[in-house]
Each structure stands twice: as C-alpha cells, then as structure tokens.
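Please open the model in your viewer and keep the selection tool at hand. The tour below moves from one selection to the next and says what is to be found at each stop.

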Amino acid sequence: MGDPAGKDEAAPRVPPAATAAPPSAHGTVGARVARALRVTFERVRGDPVLLVLLVAFVVLQLMRPVSAATLLARIDRHTILTLAGLLMLTRAIDQSGFLDWLAQRLLRAFRTERRLALLMVTFAAALSTLLTNDVALFAVVPLAQSLARIAPVRIERLIIFLALAVNAGSSLTPLGNPQNLFLWQQSGMGFGAYVVMMAPITLALMGMLLALCAFAFDSRALHFQRRGPAHDVRWPLLWIALVLFAGFVALADHGYAGWACAAVTVVLLATRRNAVLGIDWLLLAIFVLMFVVLRGLAGLPEIRQALGHVDFNGSAAAYVGAAVLSQFISNVPAAILLAEYSHNWPALAHGVAVGGFGLAVGSLANLIALRMAKSKAIWWHFHVLAVPFYVVALGVGWLALKWV
C-alpha cells in the first residue's frame with residue numbers, strides 16, 4: 001500500500017490567505033441596489049419632464065405645504081392603475097413577437113411609407129374613438145416600432161403623427177378620452193347628441209392631419225432590412241395577453257382598475273415576469289407627479305381668483321380659456337377646473353379637444369407617446385409639428401363650434 005502521507009505531500013498546498021472568499025450575500029445585494037440606484041439616478045437626470053415636475057413639486061410644497069393625505073388625494077388612482085396595467089399588457093404583447101409578425105405583413109400590403117403612415121394614423125384615430133386615446137397608443141406605437149425594426153420607416157415622425165391622431169380621433173365620442181367622459185356626464189347630453197356635436201371638429205382635425213401626413217411622408221418604396229423567422233410568435237403568451245387585455249379594459253371601464261391591475265400582475269408574474277418588472281416605472285412616476293403638481297396649481301387661490309373674474313359662460317371665453325389653459329395644466333384638469341365656472345359644454349368640449357395639441361403637456365396621450373419613443377430629440381420634433389397645428393386648429397375649432 002502506498003503512503004497516504006505521500007499523496008498529501010504531492011498535492012499542492014494553498015495558503016489560507018490566498019483562498020478567494022465567496023462574496024457575501026449582503027455584498028451582492030448591496031452592489032445590486034447601488035447599481036439600480038445609480039441607473040435610476042441617471043435616467044431621472046436625463047429626463048427633462050420628470051426633472052421639471054420634481055422641481056415644481058418642491059417649489060409648491062415650499063410655497064404652500066400640504067399634508068401627505070392631501071397629496072395622495074390629488075392622484076387619480078384609477079388612471080395610474082389603468083396605465084400600469086396597460087404598460088404590462090403591451091410589453092407582454094410585444095415580447096410575444098406578434099407585432100413583428102404583423103409588421104411584416106403590413107409592409108407587404110402597403111409598400112410605400114406614405115400609404116403605411118396614412119393607414120397607421122387612420123387606424124389610431126379610429127381605435128381612439130372606442131378605446132380611449134391612451135389605450136389606442138399602447139396598441140399602435142409598439143406596432144410602429146416593430147415596423148421600424150424591419151424597414152426604414154421614419155419612426156419618430158410616425159409616432160408624433162400617431163399622438164396627434166389619437167387626440168383628434170378621441171374628440172368624437174364620450175369614450176374617447178377622460179375629459180370627454182367628464183363633460184358628457186356633466187352635460188346630461190345623450191351619447192348620440194354628443195357625437196353629433198363633436199363630429200364637425202373631429203372631421204376637420206382629421207382632414208388637416210391626413211393632409212399634413214401625406215405631405216410629411218413621401219411615396220418611396222419600403223424594403224425589408226431583415227425578415228424574421230416564419231414561426232417566431234409565442235402564441236400562448238399572445239393569447240394570454242389578449243384575453244387579459246380585453247378583460248382589463250372592460251373592468252377598468254367599469255371602475256375596477258385596481259382589481260384588473262392586480263389580476264394582470266399576478267398572471268404575468270407567473271407566465272412572463274419581465275413583462276411586469278421591465279415596464280417604464282418612471283412614466284408612472286411622471287403621471288403621479290403630474291396629478292400632484294397640476295392639481296396643486298389649479299387649486300391655488302390666486303389662480304381660482306383670477307379665473308373668477310372671467311365670465312366663462314360665453315362661447316368665446318369658454319372655448320379660448322379651455323384651449324389655452326390645457327397648454328399649461330393638460331386638458332383633463334382644464335375641463336374639470338373650468339366646469340366650475342361655465343356650463344357652456346359645447347365650448348368647453350371644443351376647447352379641450354384643441355388643447356390636446358400644441359405643447360406636449362396639453363394631453364396625457366402626448367406624454368405617453370413621446371415616452372414610449374425613448375428618444376430625447378423627439379420632444380423637439382413634436383413641438384415643431386404640434387404647435388403650428390395647434391394654432392391652425394384654434395381657428396378651425398372656433399368655426400366648427402359655430403356649426404353646433
């Protein structure tokens with residue numbers, strides 16, 4: 001038998017000090033937390049909208065401090081929960097690969113950029129009349145991004161037109177956007193009567209937009225940059241997301257956004273965790289701050305006193321007031337605020353419809369679309385198109401109001 005000691009002697013000896021210690025659990029967790037905080041800080045620092053809202057929030061709290069309960073009361077939890085659910089669902093649909101599959105077939109049917117843009121704009125506007133402008137965006141913007149991945153579509157320009165399209169199309173029905181729903185309920189008008197009232201301005205805005213779209217996109221042919229595999233759609237994930245989407249919209253529309261969002265979160269955590277964990281959390285933060293800051297501004301005594309000196313019962317004052325005020329506090333808070341000073345529902349409805357154009361803050365749908373684009377340059381490009389469109393729309397909206 002061999003000497004066991006000899007085998008031990010032959011084996012290399014490693015001094016205890018040279019042995020690498022495994023990283024502790026605390027160190028690993030601490031590093032991950034630090035990295036996450038660093039990434040979040042960089043994203044916040046690079047987001048001008050979020051920075052402006054944070055500064056405005058701090059200034060308002062220093063000028064007129066309010067309690068945490070008051071701040072929480074300003075947040076429209078229904079809207080935030082609806083937005084969170086839609087973010088998760090659209091991410092799941094995008095991860096299923098269906099949008100890339102659909103994009104390839106659209107490009108085969110509509111070979112030129114102009115035709116494709118006109119189709120997308122018309123589809124977005126039509127969808128927004130029934131599913132609200134933000135839901136429509138969550139359907140069409142990811143589809144547009146899928147198109148851009150396989151063909152040289154000018155995606156930033158297309159997303160800008162999609163944002164304008166849902167603002168124009170959603171003005172037609174009470175279901176199209178939150179301000180219409182609010183004004184329709186306040187006015188006591190029938191559904192059909194409201195649609196008839198808003199039809200002239202909607203048709204005028206859509207006519208302007210389609211003409212501008214035809215001019216902005218040329219007739220150059222689109223060629224595939226790549227073709228995806230023939231069977232790359234995760235059909236089970238797609239069907240789960242679509243069923244959840246239909247149920248979510250139905251529940252949220254009846255006031256059960258909290259339950260709907262909870263159900264979507266549970267199902268997607270079990271089937272596609274990244275669809276929940278990977279959503280744009282800063283977009284949710286922006287919307288929370290928008291409600292807190294804008295409703296805080298709207299409730300300032302100085303602003304209420306200034307508005308109290310204006311007679312908003314006249315058509316001109318109500319229309320211009322709604323269109324202009326929307327540029328600073330968004331059209332939903334503008335409708336809610338001015339409804340306390342005027343019952344001229346046609347003028348208010350036309351004013352907030354036009355107010356969705358112009359500055360990005362004029363409509364929450366604008367902010368959703370521009371955030372989904374994930375581009376800093378698009379904010380400047382949006383205003384180059386949207387502000388002149390707003391100026392012309394002011395005159396067109398006034399003419400349409402005369403027909404009511």
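Begin by selecting aspartate 218 and arginine 220, whose side chains meet in a salt bridge at 3.4 Å from N to O, a salt bridge being a side-chain nitrogen of Lys or Arg within 4 Å of a carboxyl oxygen of Asp or Glu. Before going further, note that this is a predicted model, in which local features need pLDDT of at least 70 and side-chain atom pairs count only at pLDDT 80 or more, while totals for chains, interfaces and linings use all residues. Residues are numbered from 1 along each chain as its sequence is written, and side-chain values use heavy atoms, with hydrogens and water left out.

Aspartate 218 is partly exposed, with a relative accessible area of 29%, and arginine 220 is likewise partly exposed, at 29%; here buried means under 20% relative accessible area, exposed over 50%, and partly exposed in between, with a 1.4 Å probe and protein chains only.

Because glutamate 113 lies in helix α7 (residues 113-131) and arginine 220 in the loop between α11 (191-216) and α12 (235-253), the pair ties together parts that are 107 residues apart in sequence; helices are DSSP runs of H or I with at least four residues, numbered from the N terminus. Glutamate 113 is buried, with a relative accessible area of 1%.

Next, select arginine 371 and aspartate 280, which form a salt bridge with their closest N and O atoms 2.9 Å apart. Arginine 371 lies in helix α20 (residues 364-373) and aspartate 280 in the loop between α14 (274-277) and α15, so this pair ties together parts that are 91 residues apart in sequence. Arginine 371 counts as buried at 10% relative accessibility, and aspartate 280 is buried with a relative accessible area of 14%.

For the last stop, turn to helix α17 (residues 315-329), whose buried residues include Ala318, Tyr319, Leu325 and Ile329. Among the elements that cover these buried residues are α15 (281-298) and α21 (377-402), where contact means heavy atoms within 4.5 Å. Just after α17, select serine 330, which takes a positive phi of about 80°.

Methods
Helix = DSSP H or I, 4+ residues; strand = E, 2+ residues; numbered from the N terminus.
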